[in-house]
Amino acid sequence: MINFLRGWKFEGGFLLIIGAALLVWAATVYLSPQAREARDTQKYLEELQAQYKNDTYGGATPEETLALFIAALEKEDIELASKYFLPEDREEITKRLEGEYQVDGNFGHTVIGLKSLEKTGGEGKNTAFFVITNRENVVTSQVVLDKNPNGGWKISDI
C-alpha cells in the first residue's frame with residue numbers, strides 16, 4: 001500500500017508540473033504582445049469589413065459622389081461630407097474639414113475648387129481621377145475616387 005501511495009504522489013506531482021508548464025506556455029503564447037497585436041489587427045479588419053458592407057453613402061458614379069460631397073460642404077455639414085470618404089479615412093478627413101472651417105468660416109474656396117475639377121482619361125474600372133491643371137497643364141489639385149466592394153464610389157484621396 002505504501003508503494004502505491006508513493007507512486008501516486010510521484011505521478012500526481014509529475015502531472016501537476018506538466019500541467020503548470022502547459023498553463024504557463026499557453027498564457028505566454030496567448031498574452032504575448034505579438035498575439036495581442038494579431039487579435040487586435042483581426043478585430044480591426046473585421047470591423048472595417050462591416051463598415052464597408054454597411055456603408056450606403058456615395059454615388060453610383062464618381063461624378064455623383066463628388067457632387068454629393070460638394071453639396072454637403074455647401075450645407076457646411078462636415079459629418080455628411082466625411083461619409084463620402086473611405087471608412088478608415090473619415091476621422092482624419094473630419095479633423096481636416098473642421099480645421100479648414102475654423103480658418104475660413106465656410107467652405108467657399110474649397111467648393112469653388114472642387115467645382116473646377118475635370119475628370120481625366122485615367123479612369124480605371126474601379127478608380128476615377130479628377131484634376132485641376134494650371135496654364136502649363138501641370139496638375140495642381142487631384143481627387144481620386146475608388147469603387148468600394150458594395151458598388152458605391154468613395155473619395156480615397158483629396
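How many aromatic pairs does the structure hold? It holds 2. Rings of Phe, Tyr and Trp (its six-membered ring) pair if their centres lie within 6.5 Å; planes under 30 degrees apart count as stacked, over 60 as edge-to-face, and the rest as tilted.

Before the details, some ground rules. This is a predicted model, where local features need pLDDT of at least 70 and side-chain atom pairs count only at pLDDT 80 or more, while totals for chains, interfaces and linings use all residues. Residues are numbered from 1 along each chain as its sequence is written, and side-chain values use heavy atoms, with hydrogens and water left out.

Tyr57 and Tyr84 form an edge-to-face pair, 6.3 Å centre to centre with 80 degrees between the planes. Tyr57 sits in the loop between α2 (33-54) and α3 (62-74), and Tyr84 in the loop between α4 (78-82) and α5 (90-104), 27 residues apart. Helices (H or I, at least four residues) and strands (E, at least two) are DSSP runs, numbered from the N terminus. Tyr84 is buried at 5% relative accessibility, whereas Tyr57 is partly exposed at 34%. Buried means under 20% relative accessible area, exposed over 50%, partly exposed in between (1.4 Å probe, protein chains only).

Phe69 and Phe85 have ring centres 5.3 Å apart and planes at 85 degrees, so this pair is edge-to-face. Phe69 and Phe85 are both buried.

Now the sheet. Its 4 strands form an open sheet, ordered β1-β2-β3-β4, with antiparallel pairing; two strands pair if DSSP finds at least two bridges between them. β1 (118-119) and β4 (153-157) are at the edges, each with a single partner strand. 2 bridges join β1 to β2 (residues 127-133), and Lys119 has Phe130 in β2 as its bridge partner.
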